[in-house]
Amino acid sequence: MLLEVHTLGRKACSSLFRCQRSSVTCVGKGTNLSQWFMCRDFHISWQRCTIMPSWVIDRYGKNDVLRFTNNMMFPIIHFPNEVIIKVHAASLNPIDVNMRSGYGASALRMKRDPLHFKSSGSEFPLTLGRDVSGILMECGLDVSYFKPGDEVWAAIPPWKQGTLSEFVVASGNEISRKPQSLSHTEAASLPYVGLTAWSAMRQVGGLKEDNCSNKRILIFGASGGVGTFAIQLMKAWGAHVTAVCSQDASGLVQRLGADNVIDYKAGNVKEQLKALPLFDFILDNIGGSTEKWAPELLKKWSGATYVSLVTPFLVNVDRLGVADGMLQTGATIGTKVVKHLCKGIHYRWAFFTPSGPYLDEITTLVDAGKIHPVIDQVFSFADVPKAFLKVEEGHARGKTVINVTNKK
């Protein structure tokens, strides 16, 4: 039987993904076979799908390195636990702006190619973007909990190709079913910041629903993506939350449930916080000089913990190389842990951790109405450079989201 594939917009790929813009007909009879293929779970060979639209960089630098292409290589499943997701929405995080400028390039290159088989710059063209919400298109042989057609969300690790493209590959253990109560645009705002906050507070800080009641939590950088999620998570678990942000963000963090709001622009923030009772846990999204005095606000010898999301690991590796950078980082964290332990408090670093099971728990909280997406602005796929500039300005009030299906 001769088959003729008619496509509008997307070329060879659209029948694979059962796109409404395409149909498969029998030459000579004019019979539409689209429904037959859907019933038979028929898939046209991946070899027909070779390119896709994407935003990439070919070198590190400022915003002008961003380049749109219709010829990005189509992602391929290399391992049996991988899946391919059709991206409906993505979002930007500060790490995307930093990676565009070359932050962490050496460490991430080592993660991608630990045996150094490839030459420097082999990561290009590089697609940025970590968050994704979309439709599962293909599953590897070992993926048993998901099937094509499932609505999923995920945060892709920074050493992998990102989500500012039409399709993206993820591991099966990195994805989760999207919350039913959220649209794709809303869902794309949560995975990276949610998993970062979850790592810091649940995995590193040891906080959980059954031990958070009435604990006093202090959050620096409370109006950003991680901060807004952390406020809601702690309130969902019954904690008392003090949020540090600017005055124009105070209304936002109060609506999210913060019990106290400290305006860091209204006088000496250190003195303002010292006037309050001591805290059980501090989440530091800011770093810098804050770390020199903020641990003093914790209850001593009570298991209180200071967790910082601002660490020198990637900077050290970029500056000193892998071996010396890791050695310097180890010495730094070791010194700080011992110094603070002698004062009766725990000091920790936390990092983003990709995890489908953690996202499952976040999904439960979202669908229960305990966590809501906080979106600052939504951009079309054509306006990705403008979205980067928005994030680069700082002073975020939630997340910057990209509607990938909106190409205009």
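Mentor: Helices here are DSSP runs of H or I with at least four residues, strands are runs of E with at least two, and both are numbered from the N terminus. The model is predicted, so local features need pLDDT of at least 70 and side-chain atom pairs count only at pLDDT 80 or more, while totals for chains, interfaces and linings use all residues. Residues are numbered from 1 along each chain as its sequence is written, and side-chain values use heavy atoms, with hydrogens and water left out.

Trainee: What follows H12, and what is its phi?

Mentor: Glycine 369 follows H12, and its phi is positive, near 80°.

Trainee: How do you know that the span of H12 agrees with its number of residues?

Mentor: The expected span is 1.5 Å times one less than the number of residues; for the 12 residues of H12 (356-367) that gives 16 Å, and because the end C-alpha atoms are 16 Å apart, the two agree.

Trainee: Which residues of H12 are called buried?

Mentor: Buried means under 20% relative accessible area, against over 50% for exposed and partly exposed in between, with a 1.4 Å probe and protein chains only; Gly356, Tyr358, Leu359, Ile362, Thr363, Leu365 and Val366 of H12 are buried. They cover an arc of only 165° around the axis, which puts them on the same side of H12, the arc being that of the directions from the helix axis to the C-beta atoms.

Trainee: What makes H5 mostly covered?

Mentor: In H5, 11 of the 14 residues are buried, among them Tyr192, Leu195 and Trp198.
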